[in-house]
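Please keep the sequence and the structure at hand while reading.

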Amino acid sequence: PDLAGAKALAVAPSGPLLSLPFAVLLTGPADPANLAAAPWLIRDMTISHVPSAANFVALRHIAATSHAGRPWFGFGDFRPVTLAQAEHSFPSAACADSARLFAGLPPLPYAQRELQAARQLLGGAPSDALLGAAFTAPAVEHASLKDYRVLHFATHALLPAELRCQSEPAIVTSAPAGATDAAGALLTTSDVVGLDLDADAVILSACNSGGPGGADGGDSLSGLARAFFFAGARALLVTHWSISDQSSAFLVADTMRRFAAGSDGGLAGALRAAQLGMLDAAGKTLPAALAHPFYWAPFALIGEGQVRLPPARTAMLVHAQ
């Protein structure tokens, strides 16, 4: 009852709730055979997640203060490392599974389409990206990123619980040219902390990018999220489980379309509208299976959900549409 009439919810979860996007909570009974019509909480309000109440206050205080002058920079289309490179980084017998898992990560054919759509929607230049073999961890670390309002990663992410011999959460990149091991193909939380950002938003379109920071689940909302906040981000789009490459690319592109058009509720509102759009279209113009939360609910907004594009940029993009 205390939420009656609320249009926006900011939640600081703890314990098991750290692994749950609150969009999937229900406000009443639902029919499992008709998930598209279920009373998901996201139907009632815009939702954002924050590590703590103090973090919410701090992020709200610095909202819309970015001095970055360029709209977007993208990262993706990684090249999988070879098994030999992975075995050099995880050499012991106990790490054989980690080496095989890392080398066996599949390419993401829709990631580049997602990045291209976001770049065009937000007004980025074709050169504002690190793609394919150029997308390596050292390249990200040495890139001048402080002048970009939105940073967009479309790749894999790995948690310590998945890659047992890797102690930190990491974003998967390509390995540097001529590398004999896979160290340069993992952008870890320690690497991210060292970045110098002034970003309104970071999009982590990767499996489990919102997962806990430690091998045992930890007490962190997200190891990667906290690292990006420390580096200078104000909001992040992260995922809470393994995602579908195709449906996630569609959802992120639609979120960026609404964000560029000045959707009510800022970036959190754009995500909500895209999620509701997928739900409402499931079984009509989209496959009925997309009404399952696996497809529409993995993404969550962490941080300052009201972030918007600058008015001049929004007006230009709306006119361009």
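Within helix 3, which spans residues 96–103, the buried residues are S98, A99, F102 and A103, where buried means under 20% relative accessible area, exposed over 50% and partly exposed in between, with a 1.4 Å probe and protein chains only. Seen down the helix axis, these buried residues of helix 3 fall within an arc of 120°, so they line one face of the helix; the arc is that of the directions from the helix axis to the C-beta atoms. The model is predicted, so that local features need pLDDT of at least 70 and side-chain atom pairs count only at pLDDT 80 or more, while totals for chains, interfaces and linings use all residues. Residues are numbered from 1 along each chain as its sequence is written, and side-chain values use heavy atoms, with hydrogens and water left out.

- Helices (H or I, at least four residues) and strands (E, at least two) are DSSP runs, numbered from the N terminus.

**Aromatic pairs**
- A search of the whole structure finds 8 aromatic pairs, in which rings of Phe, Tyr and Trp (its six-membered ring) have centres within 6.5 Å, and planes under 30 degrees apart count as stacked, over 60 as edge-to-face and the rest as tilted.
- One of them joins F73 and Y148 edge-to-face, at 5.1 Å centre to centre and with 70° between the planes.
- Because F73 lies in strand 3 (residues 70–76) and Y148 in strand 5 (residues 148–154), this pair ties together parts that are 75 residues apart in sequence; both F73 and Y148 are buried.
- F75 and F135 form a tilted pair, at 6.1 Å centre to centre and with 45° between the planes.
- F75 belongs to strand 3 and F135 to the loop between strand 4 (129–131) and helix 5 (137–142), so their pair ties together parts 60 residues apart in sequence.
- F75 is buried with a relative accessible area of 0%, and F135 is buried with a relative accessible area of 0%.
- F73, F75, F135, Y148, F153 and F228 form one aromatic cluster.

**Strand 5 and its partners**
- Strand 5 is mostly covered, with 7 of its 7 residues buried.
- Strand 3 and strand 5 pair in the parallel sense over 6 bridges, pairing requiring that DSSP finds at least two bridges between two strands, and F75 stands opposite F153 in strand 5.
- Strand 5 also runs parallel to strand 9 (residues 201–205), to which 5 bridges join it, and the bridge partner of H152 in strand 9 is I203.
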